[in-house]
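Please have a look at the sequence and the model first.

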Amino acid sequence: MEVVDFFCEHHSEDAIEKDIKNGYVSVLKIDGTIVATGCFMDNHITRVYVLPEHQKKGYGTFIMKNIEEHEAMLRKYAVEKMKELDNIEIYNENGVGAIAFNIKNVFSQDGASLFNTYGIAIRAGQHCAKILDEYLHVSQTLRASFYFYNTKEEIDQFIEVCKKGDDFLDAFFG
């Protein structure tokens with residue numbers, strides 16, 4: 001009830017209903033007091049709100065920094081797990097953002113279809129930035145990215161599908 005009261009005092013009723021119905025609401029508490037709220041829907045942040053008396057104390061920055069740290073942690077975890085697999089080639093192990101990779105000897109769109117079969121969405125194919133092809137020395141890749149709404153358990157599921165890629169036809173028809 002405390003969260004509902006907080007939102008009712010600081011957001012329009014329509015905005016609150018929309019966020020609760022269509023998105024996810026997070027709350028930042030400091031010493032048991034709500035100081036900020038954040039909402040996300042699908043793959044983007046729809047609102048970060050810090051109470052006026054707590055503004056200019058770094059809480060908004062704190063929220064965004066935590067999101068960035070969580071994303072970096074998930075990426076690092078995924079890369080470490082992927083490096084354990086002999087059938088995966090990673091092209092930007094030390095980068096940020098999306099992980100560019102391929103399943104060895106599997107066409108990128110076929111690899112993406114395999115992930116799709118298990119309910120995992122990744123990008124596949126040629127890069128819009130053609131100079132990247134020269135840098136990576138490959139014309140097509142799979143790309144996986146993670147954000148604040150992803151979990152290590154989801155990455156573990158992603159890794160299990162990566163493992164199936166080396167026996168590609170059996171993964172589909174076996």
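The report below goes through confidence, the nonpolar cores and the salt bridges.

## How confident is the model?

Please keep in mind that this is a predicted model. The chain has a mean pLDDT of 80, and 76% of its residues reach 70 or more.

Confidence is highest in β4, at 95. At the other end of the scale is helix α7 (residues 168-173), where the mean is lowest, at 54.

## The nonpolar cores

The largest nonpolar core is made of 25 residues. Inside this core, Phe101, Phe115, Ile122 and Phe158 have the most contacts. Two or more residues each come from α3 (59-83), β4 (88-90), β5 (99-103), α4 (108-117), β7 (140-144) and α6 (152-164).

Setting aside neighbours within four places in sequence, phenylalanine 158 touches Met82, Phe101, Phe115, Ile120, Ile122, Ala144 and Phe146.

## Salt bridges within helices

Side chains of opposite charge can pair when their charged atoms come close. In the whole structure, 3 salt bridges are found.

One of them joins glutamate 69 to lysine 65, with 3.4 Å between the closest N and O atoms. The two residues are 4 apart in helix α3, so about one helical turn separates them. Glutamate 69 is partly exposed at 42% relative accessible area, and lysine 65 is also partly exposed, at 48%.

Another salt bridge pairs lysine 163 with glutamate 160, at 2.9 Å from N to O. Because these residues are 3 apart in helix α6, they too are separated by about one helical turn. Lysine 163 is partly exposed, with a relative accessible area of 39%, and glutamate 160 counts as partly exposed at 41%.

Which parts of the chain does the pair of glutamate 93 and lysine 83 tie together? The side chains of these two residues meet in a salt bridge of 3.0 Å, N to O. Glutamate 93 sits in the loop between β4 and β5, while lysine 83 belongs to helix α3, so the pair links parts that are 10 residues apart in sequence. Glutamate 93 is partly exposed, at 33% relative accessible area.

Key:
Residues numbered from 1 in each chain as written. Heavy atoms only, no water. Core = buried A, V, L, I, M, F, W, Y, C linked by side-chain atoms within 4.5 Å. Buried < 20%, exposed > 50% of the residue type's maximum accessible area, 1.4 Å probe, protein only. Contact = heavy atoms within 4.5 Å. pLDDT = per-residue confidence, 0-100. Salt bridge = Lys/Arg side-chain N within 4 Å of Asp/Glu carboxyl O.
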